[in-house]
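Colleague: I would like to go through this model with you, one point at a time. Please show it first.

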Amino acid sequence: MPTVSPIKKNDDVYILRGKDRGKTGRVLVVIPDKQRIVVEGVQMIKRHTRANPQRNIKGGIVEKESPIQISNVALVCKNCGKHTRIKHQVLADGRHSRTCKKCGSAIE
Ligand SMILES: [Zn+2]
């Protein structure tokens with residue numbers, strides 16, 4: 001049975017651990033197999049790129065997000081605006097629902 005990621009693309013998450021602790025960002029990519037996500041503006045790493053004039057890429061240093069562990073973030077509830085633990089439920093028809101533990105509303 002596949003594990004269901006509690007975090008989805010375009011969720012807003014609050015960073016609990018690491019150098020970006022306290023930041024809030026939008027989830028850009030979810031990597032369920034590795035339980036990792038990429039969050040906009042979080043865990044930025046510098047990458048050196050080589051110039052490629054054919055693709056109009058200038059050489060130099062670019063900053064890019066790198067993946068972080070899902071366990072290091074908390075979902076931000078769109079209803080109450082707080083970062084929260086979520087209650088995960090499988091409905092009778094097989095769909096998954098996520099409920100905010102702070103305000104009790106469904107998150108989607
Ligand atoms: Zn809430």
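Colleague: Is Asp20 buried or exposed?
Modeller: The model is a predicted one. Buried means under 20% relative accessible area. Asp20 has a relative accessibility of 8%, so Asp20 counts as buried.

Colleague: Which side chain does Asp20 meet in a salt bridge?
Modeller: The N to O distance of this pair is 3.0 Å, and a salt bridge needs a Lys or Arg nitrogen within 4 Å of a carboxyl oxygen.

Colleague: How many residues apart are Lys46 and Glu63, which form a salt bridge?
Modeller: The closest N and O atoms of Lys46 and Glu63 are 4.0 Å apart. Lys46 belongs to strand E4 (residues 44-49), while Glu63 belongs to strand E5 (residues 60-65). The pair therefore ties together parts of the chain whose separation in sequence is 17 residues.

Colleague: Is Lys46 buried or exposed?
Modeller: The cut-off for exposed is over 50% relative accessible area. Lys46 has 58% relative accessibility, so the class is exposed.

Colleague: Which strands hold Asp12 and Arg26?
Modeller: The side chains of Asp12 and Arg26 form a salt bridge, 3.5 Å from N to O. The two residues are 14 apart and link distant parts of the chain. Arg26, at 37% relative accessibility, is partly exposed. Asp12 sits in strand E1 (residues 12-15) and Arg26 in strand E2.

Colleague: Which strands stand at the edges of the open sheet of six strands?
Modeller: The order in this sheet is E6-E3-E2-E1-E7-E8, with antiparallel pairing. An edge strand here pairs on one side only. The edge strands are E6 (68-69) and E8 (83-84).

Colleague: Which residue in E3 is the bridge partner of Val30?
Modeller: Strand E2 (residues 24-31) and strand E3 (residues 36-39) run antiparallel and are joined by four bridges. The partner of Val30 in E3 is Ile37.

Colleague: Why is one side of E9 and of E11 left without a neighbour in the sheet?
Modeller: The open sheet of three strands is ordered E9-E10-E11, and its pairing is antiparallel. E9 (86-90) and E11 (106-107) stand at the edges, so each has a single partner strand.

Colleague: Which residue in E11 is the bridge partner of Thr99?
Modeller: Strand E10 (residues 96-100) is joined to E11 by two bridges, and the two strands run antiparallel. The partner of Thr99 is Ala106.

Colleague: What is the geometry at the zinc ion?
Modeller: The donors are the SG atoms of Cys77, Cys80, Cys100 and Cys103, at 2.2 to 2.4 Å. In sequence, the donor residues follow the spacing C-x2-C-x19-C-x2-C. The angles among the four donor atoms are 105 to 115°, and the site is tetrahedral.

Colleague: How many disulfides are counted?
Modeller: A disulfide is a covalent bond between the sulfur atoms of two cysteines. The rule applied asks for a pair of cysteine sulfur atoms within 2.5 Å. By this rule the number is zero.

Terms used. Residues numbered from 1 in each chain as written. Predicted model: local features only at pLDDT ≥ 70, side-chain atom pairs only at ≥ 80, totals over all residues. Heavy atoms only, no water. Pairing = 2+ DSSP bridges. Donors = N, O, S within 2.8 Å, 3.2 Å for Na, K, Ca; no water. Tetrahedral: all angles 85-135°; square planar, octahedral: opposite > 155°, others 65-115°. Buried < 20%, exposed > 50% of the residue type's maximum accessible area, 1.4 Å probe, protein only.
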